[in-house]
Amino acid sequence: MEKTNNTRIPLYDNLKFLLICCVVVGHWCAIGDNKTPIYQFVMVFLYSFHPLFFFISGLFYKREKAVDRAVEFTVIGFMLKVLYVLMFVVSNFKSVSDYTNVFKFFGDPSPAWFIITLAAYYILAYLLKNMDLRVILAVSVLVVLCVGYDTQVSEMIYLTKAVRYFPFFILGRMCTTEKVEKVRSIIPLKIVAGILLIVWAAVIVKDRNIEMFKLLFTGADSYVNFPKEYMLKNGPVIRFLTDTLSGVIAACWLILMPNKQISPFSQCGSKIIQVYFWHLPFLVPFDKLGIPQKLSNHGAVVSIVSLLIPFALILLLSLKPFAYPVKLIRKRPEKEIQ
């Protein structure tokens, strides 16, 4: 389904702001003490609706711009990989493994996987333009369930995550903003969505297997890495249920998010690519100084307050000076980049 309206819709800028907060705050927690309960809770809660951005990308997919978008994202993605290498050269490698893992075309731990995955989705969507979206969705779901049997998936993180989130991109393509707004207008659904998010947060807080949740939601591991034997035997079922849960949680945020300008957050949401591009190098000094780890040692309150640091970083990186080099590659009016 083609989308032709170029007017920005505040709802999706607000959702993108939420999502970039998930990324930057999540990375802050990752470089902190992963055993800190607050950091663990935040990471699992944020990971659980990670696929929402791919749904939004599919929602605003335009066939006539697909090739241009794919080229843009590919260039930005590989520039981000180069920046990742420079970042580690400047900050000094810690071990031999850093030298072997810092740059792999489709397997390094850099954040470029997200941008390159978007490029792949635009290429695939263009190549499959004449195929029924329902067929593409069904096949992509089956591939997601089967790929967990490949024990090498952890070595090809870009491909693994591209496969994992593709159904959400297709679901976005099957929707329209009008359909989304129609669902959002149902008041009882807003109540249900709010209750579900509260219940989900409570489950994470109470459950002692929080590390298992994180493993399931990242989706970058094979079934053989699942921590319990019954999960290995029922890998496809577990993955299907996990992804369904992710979809439900993402839908809750989609239903609850206000569709109005919330300054300066809506503006930040419209700058999500530039913030994503620059955020990791700005987190490196905090990591080198051990700030997240030190703050996490002072209890839950300090750990929560420390999350204001990545939040402030997002606001900083959304400013005009940080629009480069992304702006040089995406030479189009801002209103066209939803």
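I count a residue as buried under 20% relative accessible area, exposed over 50% and partly exposed in between, with a 1.4 Å probe and protein chains only. On that scale, I find 50% of the 338 residues of the protein buried.

I note that this is a predicted model, so local features need pLDDT of at least 70, side-chain atom pairs count only at pLDDT 80 or more, and totals for chains, interfaces and linings use all residues. Residues are numbered from 1 along each chain as its sequence is written, and side-chain values use heavy atoms, leaving out hydrogens and water.

Next, the overall make-up. I looked up 19 helices and zero strands; helices (H or I, at least four residues) and strands (E, at least two) are DSSP runs, numbered from the N terminus.

On to a helix pair. I see α9 (residues 177-184) and α13 (residues 235-256) packing at about 80 degrees, their axes 9 Å apart. The axes are lines fitted to C-alpha atoms over the stretch in contact, and angles run from 0 to 180 degrees between N-to-C directions. I therefore log α9 and α13 as roughly perpendicular, the label for 65 to 115 degrees. Val180, Val183 and Arg184 of α9 meet Leu254, Ile255 and Leu256 of α13, where contact means heavy atoms within 4.5 Å.

Key: Angles under 35 degrees count as roughly parallel, over 145 as roughly antiparallel, 65 to 115 as roughly perpendicular and the rest as oblique.
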